Amino acid sequence: MRMMHELRLVVVGLLILSGCSYPNRQLNGPSLLLEQRQKNHTRSAVFADVTAPQETETSPLRTDRIVRGSKPDFSMPPDQDGTFVGLAISGGGSRSANFSAACMFQLERVGLLQHVDYISSVSGGSVVAAYYCTKGSEWNPKDVQYNLTRPFASMLLERTLLPWNQVAFYFSDYDRSDLLAGVFSDTLFNRYGKPLTYADLRPDRPRLLINATDLQSGRRFVFCNESFDLLNSNLSQLPISYAVAASAAVPVVLHPVTLRDFSTTFHQYRHLIDGGVSDNLGVQTLIETYSAQIRTAQRVGQADPYPNGAVLIVLDASTRFNPEISSESDVGIIESIKAAVGLSTALVNRTSSATMAETIVNSAQDQETAAQLRDQIRQLNDDGFLRMTDRTGHPVRIIYMTISQINKLPNLPFVGFSESLNSIATYFNISSSETYHLYEAADLLMREKFEPHAREIVNEIEHGGKSSTRPASP
């Protein structure tokens, strides 16, 4: 015990001497000319090396080697099948992490998750997105359900109250977001006790785009090669837990995550908060990535990398805000934190429908009328599925899976099932029964609402953008 106490004192002393804390490291020396500086090359990239598909006898466009319900043969990368497939995962604490994981297992079952090229995530959605992109055999229902139901918020509170951390808070820039990153690292993102970094992203997983918000500009900050090139910072050395913590740093409740800007010799920093402040669905990053790659190919005279258009899958775990504290005469610290997180997220959730409407309007062709756009917005909100043509003439298919769609299904497990889902707090604690209900909800949504659409899309991707003559198997 005495040795442990002395070790803690040493840690606190080092924190005090460290000055401003930031988790990122420099990529190039400051004296190097800009054209001589190296670039980042991790699996987190907006402008990935995507080539147009080429149909030959030995390498057909159609990915026959992918068997539904199994992992694909990555000798043919998914992003060379001529279709941009992006998965957007919303914020919402452990509710979002578990609902999205349940939906991802359903998408995997019907063969669509295997075709995803990019995952764009926000806040709680970043937990499951990063988990999926770093794990191999650990990506299975048992391990995922166990790990994503850990009491992250309680662990954070316990560490916050430790005396040596209180001293570090007072004498240094070490804060609650650093502790949250530590919680995520210790429970999810480590291998043999060593924190996982962006260098550990699996090559057989989609490219990971974690979204935060720049506190100074209010704009999205995407953890990707391009953003870190601008900072002259080495993304491969950044612990993934810090990106997830930044994406989930709810204003007021958590401190911003600070990154050092190494592009200048002056001491400049970027302060990052919850990505939901700028886009709680993460869908805008996918659209910009898809559009930018098509524009770039056109500008340099290269073949269209996505002649078969795009598929956007949006997993939205937002619910109505209900802190259930009206009967309390005095609200304790736990209830206050939960209510604060819920209220902050509720304000963000109001923009989700507007974001999807904006997505349709901004992507639509110029000749479409206001009535046509309103009909498309209504169809997406009511049906959760939409086919449209974007302004470049490419076909776009959107799957929009939300918790709120449950109340429109006929065969619910019990009376009040929808209300029970809505009562799950936006918090980084969740009970096993709540998680079980979220998995039930994902299964119902897929089997009773989205499975025909998902299988049809898989069929189209595997046949070069065209449906085969045979129907998708049930």
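Close-up 1. At 24% relative accessibility, aspartate 443 counts as partly exposed, a label for anything between buried (under 20% relative accessible area) and exposed (over 50%), using a 1.4 Å probe and protein chains only. This is a predicted model, so local features need pLDDT of at least 70 and side-chain atom pairs count only at pLDDT 80 or more, while totals for chains, interfaces and linings use all residues. Residues are numbered from 1 along each chain as its sequence is written, and side-chain values use heavy atoms, with hydrogens and water left out. Arginine 447 forms a salt bridge with aspartate 443, and their closest N and O atoms are 2.7 Å apart. To count as a salt bridge, a side-chain nitrogen of Lys or Arg has to be within 4 Å of a carboxyl oxygen of Asp or Glu. The two residues are 4 apart in helix H15, so about one helical turn separates arginine 447 from aspartate 443. Arginine 447 is partly exposed too, at 48%. Helices here are DSSP runs of H or I with at least four residues, strands are E runs of at least two, and both are numbered from the N terminus.

Close-up 2. A search of the whole structure turns up 13 salt bridges. Glutamate 456 pairs with arginine 387, with 3.5 Å between the closest N and O atoms. That pair links distant parts of the chain, with glutamate 456 in helix H15 (residues 432-462) and arginine 387 in strand E10 (residues 385-389), 69 residues apart. Both ends are partly exposed: glutamate 456 at 32% and arginine 387 at 36%. Salt bridges also link Arg387, Arg397, Glu456 and Glu460 into a network. Elsewhere, aspartate 200 bridges to arginine 191, the closest N and O atoms being 3.8 Å apart.

**Close-up 3. Aromatic rings that pair up.** The structure holds 17 aromatic pairs; Phe, Tyr and Trp rings (the six-membered one for Trp) pair if their centres lie within 6.5 Å, and planes under 30 degrees apart are stacked, over 60 edge-to-face and the rest tilted. Tyrosine 22 and phenylalanine 262 make an edge-to-face pair, 6.0 Å centre to centre with 70° between the planes. Tyrosine 22 sits in the loop between helix H1 (2-18) and strand E1 (84-89), and phenylalanine 262 in the loop between strands E7 (257-261) and E8 (268-274), so the pair ties together parts 240 residues apart in sequence. Phenylalanine 262 is buried at 9% relative accessibility. Phenylalanine 84 and tyrosine 290 have ring centres 5.3 Å apart and planes at 45°, so that pair is tilted. Phe84, Tyr118, Tyr290 and Tyr306 are joined into a cluster by ring pairs.

**Close-up 4. Serine 172 and its polar contacts.** Serine 172 is in the loop between helix H6 (163-171) and helix H7 (176-187), and at 13% relative accessibility it counts as buried. Its side chain reaches the backbone oxygen of alanine 168 at 2.7 Å.

**Close-up 5. Helix H3, covered from end to end.** In helix H3 (residues 124-134), 11 of its 11 residues are buried. Among them are Val127, Val128, Tyr131 and Tyr132.

Conventions: A polar contact is a pair of N or O atoms within 3.5 Å; within protein, one must be able to donate a hydrogen and the other to accept it, and residues adjacent in sequence count only if both atoms are side-chain atoms.
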